[in-house]
Amino acid sequence: MNPNLGVTGWLRWFWRQLTSMRTALLLLLLLAIAAVPGSLVPQRSSDPNGVSQYFADHKDTAPILDSFQMFDVYSSAWFSAIYILLFISLIGCVLPRTKHHFEALQAQPPTTPANLSRLPAFAEFTVTGTSAEAVLEAGRSALKADRYRVARYDRGDTISVSAERGYMRETGNLVFHFALVGVLIAVGFGGGFGFAGQRAFYEGQAFTNSLIAFDSFNPGRFFNSSTLTPYTITLDKFTATYEEKNTNAIGQPTDFTAEVTTQVKGEDPQKNTIKVNEPLRIAGTDVYLLGHGYAPTITVRDPEGNVVFTDSVNFLPQDKNLTSLGVVKVPDGLAEQLGLIGFFYPTVSEGHSGAYFSMYPDLIDPRLTLDVYTGDLGLDEGIPRSVYALDTADMTKLAGRKAPQKSLEFSVGETVELPNGLGTVTFDGVKRFVSLDIHRDPTQGWVLFFSLAALAGLLISLFIPRRRMWVSVTENSDGSVTAQCAGLARGDDPTLLGAVDALKDKMERTVGLSRD
Amino acid sequence: MTDALSQYSVLALYSAMALYAIAFVLFTLDLARGASDDGAPVGESKDVTLAAPKRKLARIAMALTVLGWVLQLAATVMRGLAASRVPWANMYEFAMTGTLIIIGVFLIVNLKWDMKFLGSFVTGLVLLLLGLAATRYYVEIVPLPPALQSYWLVIHVFVATLATGFFALGFALSLMQLLQSRREAAAAAGAKTKLAFLTRLPDAAQLENYAYRLIIIGFVLWTFTLIAGAIWAEKAWGRYWGWDTKEVWTFIIWTIYAGYIHARSTRGWRGTRSAWLAMIGFAAVIFNFTVVNIFFKGLHAYSGL
Ligand code: HEM
C-alpha cells in the first residue's frame, strides 16, 4: 500500500475493507461468538435475580466480569460495536449493489460468446430442410416462453440470441439485506416509544391504566405518559385448573384463566378473558397474564374490637405448590406499629421436622401462619418501601421462631389474639390475585413486517436460479442447420444442465425433429 | 388405554432402534467396502453411480431404515395419541420426533440423490440420540403446562426440528467433504491415506454442493423458526425478544449459518473453511438441544426433567 494515500485515501481504503465480503463474514462470526457469554452468565435484562445471586456466589470475579459488561452483554459497548459495524458494512455493500442491479435490469443480455461449447452446459443438434432463421426463432420463442429476457446478436454467418433470467434472485437478496436493516431500526425505535408495566391485583379489585396504578413501570426513552389511554380492568375471577387424574402429573397446572371486565373510557364495559398464551389487546396495549397467587383476607382489630386493618394481601408464591410469602403492615390504630410476615399454604402438610409446607397448589386445606413484629415500620421517612418486604431492623419479634411465643396460626375463619394484648387478627378467607404485564410496543408490527420481508427475500434469492442462455445457429455448407445451446449459471444453480437439455428438446420438437 | 398406548409406543421405538442398529452395521460395512474397491476414479461422474450388485448391503440397510422409520412413526403417533397432543413437549419427545424427522429427511433426499453413503452417520446419530433419550430422559406422559398450550408449539417446534434434519445431513456431507478433499490432496501428491473408503463417494466439490443445497433449506426453515418463536414469545411472555438463553442460541445458530452462506461466496473461504462453518453450526444445534435444554436456566425450561 502506498503510504502517501492522504486522509481521503485512507478513508476510502478503510471503507473498501469494511464493505468487503470478508469483513462482513468475519463480523457475522464475531457476532455469533460475542452472543455466547450472555447465555453463560445471567443477564440484568432477563434475570436480575440471577445477577444478584452471581454477585453473592462469586465475590471476586463478578466485579471484574461486570467491568466488561458481562451482565449486560446485549447492550454492551462491544456487542453494539460489532453489530453497528456489521450494519454499516451491510449498507455500504448493498447500496452499490442496488444501483448495479437497477442498471442490469435495464440492460440487454450480453453478447453471445464466440465458443459456446466451452460453457459449463452445452448441447447441439443438426437439422435439415429448414432455415437457420426458423431454428433460431424456435429457440427464441422457447426462451421467451420461459420468461427469459432475449436479445438478438449476429456475427457473420452465425445468428444467435442471448437470454437471461432470474433477476429476481438479486432483487430478493437486496430485499433480504434491506429488510434486516429495517428490523434493526424498528427494534431500536420500538423500545423508545413503548412502555412495560406490571401490576398485581386480586379478585374484585380494579386496575386503571395510569402511571400511579402500576407496581413497576419501565418507560422507553421517548415515552410520553399522555399516550396512556384511560381504561380499567377489573378482575372478576381467576381460575387455576390442576391435573387430578394423571398420576404422573398430579397438581401440574393445566389451565389459568383470568375473567375480567374491561372498560375503555366512554365505552360500555366488556367481559374478557386473559390466558397465558392469549393476551388481551386493549386500546393499543397488550395485557399478559404473568403470574398468579393467593391473597388471604386479613383483619386486625384493636383490643376494643375496632377494625384497624382489613384487606386481602397478595402473598407471593415460593414454590410450585404455592407455599406463599406475604407481609401485612399496620402503621396506625394500635398501641405500637405492627408488622406481620408469614406463610400461606393452600393445602397444608407437616414435614418430619414439624415445618409446614404446601403439598398441592389448589385450595384444599388452607392454613396461614404469621410472625409478629412491633416497633418502627420505617414508613415515615419517605423512603419507598416494597409492600412485599418487611424491614425488621427497628422492630421486635413477638411471635415466631426464636421469639417468646410461636407463630400465629389460622384456618379460614379463625381469630387469634396478638401477643401483649395488642388486639386480634382474623383470617377471613382467601382470594386469588393475578399479576399482569401491560405493554405497548408501537413498532412491533414493523419488526414483524420486516422479518417476513426478509424471509420472502431469502426464499426468492436462494431458490430462484439466475442464468444466461444462448442459442446460436449456423447454416452448414451442405444446407443443413446446426444449432448450439449453452447456459451459464450465476450463483448456485443445480438445474442448469437440465434447462439446456430441455431447451434443445423443445427446439427440436418445434422444428419437427423427433427425439431419438 | 392411555397407559397401554404409551407402552406400545415404547415397544415400537425399541424395535425401530433395533432395525436402525442393524442398518448402521450394514451401512458401515458398505462404506468400508469402498476401501477395497479403488476402481472408480473420483469425480468421474456427477452422481454416485455404482453397479447395483455391489451395493446390495446398502440397499438392504436402506430397506431396514425405511422399516425402522415406519415403526418409529407409529411409536411417535401413539405417544401423541396417548397424550392427546403433539408428541414434542419434553426432551424425550423432542428426541423421538426430532430423530424421526432426521431419518425422514434422509429418506426423502435419497429419492432425489443417492446418499446412502450417509446412512452410517444418520443411523448412528439417531441411535445415539434415541439411546440417550430412552435411557436418561424418559418421562411419563404429563399434560401440557399453560405456557405450552399454543398452536405455535406445533408450528415453531416442528419447523425447528425439520431444519435440524437438514442441518444434520449438511453436517455429514461437510465432514465427508473435508475428508474427501484431504484424500484428494493425498492422491494428487501420490501419498497413501486411510481414507480409501471415500473413493466411491462424490468428489469434494460435489459434496460441498450437496451440503450447500440442504443447508440453505435448513437455513430458511431456521429463519422461520426464529420469527415464529418471536411471535410466540410475544404472545406468551409479552415480548418478542428478550435474549433468553434459548433465544440467544437460536440467534447464534442462525448467524453461524448466515456466515456459512457468505463464506461460499467469499474468496478463500469456499471449500474447507465453509465446511468447518457448517460443522460448527450443527454442533451449535446439538448443543442448543442438549446442553442448553438441560443445564441452562431460562424461560424455556420445558425439558420435562
Ligand atoms: C446482518 C448482517 C448480514 C446478514 C445476516 C446476512 C445474511 C445473508 C444471507 C442469509 C444471505 C443468503 C441469502 C441471500 O442470498 O439473500 C446473504 C447473501 C449475501 N450477502 Fe449478506 N448478510 C449480512 C451482511 C452482508 C454484508 C455486510 C454484505 C456485503 C459485504 C453482504 C453481502 C452478501 C452477498 C453478496 C450475498 C450473496 C451471496 C451469494 O450469492 O451466495 N451481506 N447474506
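Modeller: A definition to start: a residue is buried under 20% relative accessible area, exposed over 50%, and partly exposed in between. The model is predicted.

Biologist: Is Phe189(A) buried, exposed or partly exposed?

Modeller: Its relative accessibility is 42%. The class in between runs from the 20% limit for buried to the 50% limit for exposed. Phe189(A) therefore counts as partly exposed.

Biologist: How are the rings of Phe189(A) and Phe193(A) arranged?

Modeller: Phe189(A) and Phe193(A) are 4 residues apart in helix H8 of chain A, about one helical turn. Ring centres within 6.5 Å make a pair, and planes under 30 degrees apart count as stacked. Here the centres are 6.3 Å apart and the planes are at 25°, so the pair is stacked.

Biologist: Which chains surround the ligand?

Modeller: The closest residues include Cys93(A) and His177(A), and also His262(B). The site is therefore shared between chains, namely A and B.

Biologist: Which helix gives the most to the shell around the ligand?

Modeller: Several helices each supply at least two residues, among them H2 (21-35) and H8 (167-193) of chain A and H7 (245-264) of chain B. The top contribution is 6 residues, and it comes from H6(A).

Biologist: How far is an oxygen atom of the ligand from an N or O atom in the side chain of Ser461(A)?

Modeller: A polar contact needs N or O atoms within 3.5 Å. For Asn173(A), the distance from a side-chain N or O atom to a ligand oxygen is 2.8 Å. For the side chain of Ser461(A), the corresponding distance is 2.6 Å.

Terms used. Residues numbered from 1 in each chain as written. Chains lettered and ligands numbered in written order. Predicted model: local features only at pLDDT ≥ 70, side-chain atom pairs only at ≥ 80, totals over all residues. Heavy atoms only, no water. Near = heavy atom within 4 Å. Polar contact = N/O pair within 3.5 Å; in protein donor to acceptor, adjacent residues only side chain to side chain. Phe/Tyr/Trp six-rings, centres within 6.5 Å; stacked < 30°, edge-to-face > 60°. Buried < 20%, exposed > 50% of the residue type's maximum accessible area, 1.4 Å probe, protein only.
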